[in-house]
Amino acid sequence: MELLDESIVPEHARGVKQEAHDFAQQYVAPNAEEYYRTGEYPWEILEAGREAGLVAQDIAENYGGRGFDIAEMLALVEEFFRADPGIGLTLRLASFGGQLVERHGTKDQHEKFLRPVAEGDQITGLAVSEPETGSDLAGMTTRAEKDGDEWVLNGEKYWVGNAVEADWLTVYAKTDDSDHRYSNYSLFIVPTDTDGYEAEHIPEKMAFRASKQGHITFDNCRIPEHNLVGTENKGFYRLVEFFNDERVIVGGHGLGMAAAAIEETWEFVHDREAFGKNVSDFQSVQHDLADMRIDFESARAVNWRAADKALRGEDTSLWGAIVKTNSTETAVTCAERGMQLHGGRSILTDRRIARIYRDCRIPVIYEGANEIQRNLIYSQQVKRNEQS
C-alpha cells in the first residue's frame, strides 16, 4: 500500500520525496524499533542523512544547503515520519531555528553559524518554551539584558530539541518591559559552550525516544552584542512568522504517522483470522479502514493546499493552524482505530502500531498545542471577514 503517492506533490519536489523515501527505507525504518527501545540519539543515521544531502538542506545554496522550499520539506517529512517519528524529528531538528538566522541574520552570522550546519559540521536548535510556559509566546520570562558590548541571559528553557547535542541555539528572550507585550522579545544566537549555559536531557519520554529534548539554565550567560538576530524587540513577530510556515511542515509529521497507522493496520487485518474467516471480511473492520482512508486523504489534500499557498507567497497564519491541527489529529484518530483493530496485540511494546499510537500524541502538543491553533483559526477568520 502506497499512501504517500507523488501525484499530489508538485513536480519540483518529487525528486526530494524519492530521495527521502529511499533513505527512510534504508536507514530509518529498519532501525526504528531499536532506537525506540534504547532511547539513544541516532548519530549514525544523522550522519548518513547529512551525506545523503537530506539534513539541514532547507538552508540556502549560498550557505552550503540545497535551499529546500516548503513543498520539498513537506514531501521529506512525510517520508521520514512514516518510517519513524523519533528519528525523523532528530533529522529535522538538526537545522531547526537556523531559518530564523537565515531570514533575519547578518551575512557574518550566515557564514559563521549557518554554513557549518548546512555542510554537516554542526547542529543547532531553537529555544522558546520554558518550564512554566509553552504556547504563550508573550509570556516567557527568560531575560537578556544589555551590558556594554554584550548581552547577558538569565532564565530557563524547556523542551528544547538538541539542547545538549547542539553547537549553538537560536534563543528567544525578553528584552523589554513595555505595555505592548508583543514588542518585548528578541532572538539571539547562543553557542552551547558559552559560560553560563547548562543543559541536561529532560526525563525520558513515552514517545519520540530517538529525539532528545533538554532543560537549559542560563546563569549570567554572556554573548557578544552582534549575536542579536534581526531587530531588537521584534523577536515575537519574527517567531510567529516562522511558526506559521513551520506548521504546514508539522502537518506532514501527522500525515506520515497516519499513513504508517493505516498501512500497519491494513496488513494486520488481512493476515489474521477470527471466527472462521479473515478479519478483513467483517464489515465493521472494512468501515474502520475506509474511515481511516477518508480522514487521511482529506487531511493530506488540505495540507498540500496549504503548502501551495505558502509557495505562492500567501499568508500562512490561518492555513498553518488548520493543517497542523487537522493532520496531527488525523494521525491520532488513525492510530486509535489501528490499535482497536489490532486487538490485544496492540498493547505489546514491540508492536509498531503501539509505537505509532504513543508517538502521535506528541505533535498535537508541540509548536503550539492544537487548542491554541483553534484560537488562531477563529481569530484569523474574524480578521479576514473584517478585511473583506
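The structure contains 32 salt bridges, a salt bridge being a side-chain nitrogen of Lys or Arg within 4 Å of a carboxyl oxygen of Asp or Glu. This is a predicted model, in which local features need pLDDT of at least 70 and side-chain atom pairs count only at pLDDT 80 or more, while totals for chains, interfaces and linings use all residues. Residues are numbered from 1 along each chain as its sequence is written, and side-chain values use heavy atoms, with hydrogens and water left out. Helices (H or I, at least four residues) and strands (E, at least two) are DSSP runs, numbered from the N terminus.

- Side chains of opposite charge can pair when their charged atoms come close.
- Asp136 and Arg181 form a salt bridge in which the closest N and O atoms are 3.4 Å apart. This pair links distant parts of the chain, 45 residues apart: Asp136 belongs to the loop between strand 1 (126-127) and strand 2 (143-147), and Arg181 to the loop between strand 4 (168-174) and strand 5 (185-191).
- Asp136 is partly exposed, at 36% relative accessibility, and Arg181 is partly exposed at 36%. Here buried means under 20% relative accessible area, exposed over 50%, and partly exposed in between (1.4 Å probe, protein chains only).
- Arg209 forms a salt bridge with Glu204, with 3.6 Å between the closest N and O atoms. Arg209 counts as buried at 14% relative accessibility, whereas Glu204 is partly exposed at 45%.
- Asp295 and Arg337 meet through their side chains in a salt bridge of 3.1 Å, N to O.
- One network, built from salt bridges that share partners, joins Glu2, Lys17, Glu79, Arg82 and Glu263.

**Helix 5**

- Helix 5 (residues 85-93) is largely enclosed by the rest of the structure, because nine of its nine residues are buried. Among them are Pro85, Ile87, Leu89 and Arg92.
- At the start of helix 5, a side-chain oxygen of Asp84 comes to within 3.3 Å of the backbone nitrogen of Gly86.

- Strand 7 (residues 213-224) includes Gln213, which is buried with a relative accessible area of 10%.
- The side chains of Gln213 and Ser211 make a polar contact at 2.8 Å. A polar contact is a pair of N or O atoms within 3.5 Å; within protein, one must be able to donate a hydrogen and the other to accept it, and residues adjacent in sequence count only if both atoms are side-chain atoms.
- Leaving aside neighbours within four places in sequence, the contacts of Gln213 include Leu89, Leu93, Trp159 and His201, contact meaning heavy atoms within 4.5 Å.
- Strand 3 (residues 150-161) and strand 7 run antiparallel and are joined by nine bridges; two strands pair if DSSP finds at least two bridges between them. Gly161 has Gln213 as its bridge partner in strand 7.
- Strand 6 (residues 197-201) also runs antiparallel to strand 7, with five bridges joining the two. Ala199 stands opposite Ile216 in strand 7.

**Nonpolar core**

- The largest nonpolar core has 116 residues, of which Leu76, Phe80, Leu91, Leu153, Tyr172, Val190 and Leu239 touch the most other members. Helix 8 (residues 235-269) supplies the largest share of this core, 16 residues.
- A nonpolar core is a set of buried Ala, Val, Leu, Ile, Met, Phe, Trp, Tyr and Cys residues joined through side-chain atoms within 4.5 Å.
- Beyond its neighbours within four places in sequence, Leu153 is in contact with residues including Val171, Val190, Phe218 and Ile223.

**Aromatic pairs**

- The whole structure has 14 aromatic pairs. Rings of Phe, Tyr and Trp (its six-membered ring) pair if their centres lie within 6.5 Å; planes under 30 degrees apart count as stacked, over 60 as edge-to-face and the rest as tilted.
- Phe96 and Phe242 form a tilted pair, 5.5 Å centre to centre with 50 degrees between the planes. Phe96 lies in the loop between helix 5 and helix 6 (98-104) and Phe242 in helix 8, so the pair ties together parts that are 146 residues apart in sequence.
- Phe96 is buried at 9% relative accessible area, and Phe242 is buried at 2%.
- Phe242 also forms a tilted pair with Phe243, at 5.4 Å centre to centre and 50 degrees between the planes. Phe243 counts as buried at 8% relative accessibility.
- Phe23, Tyr27 and Phe80 form one aromatic cluster.
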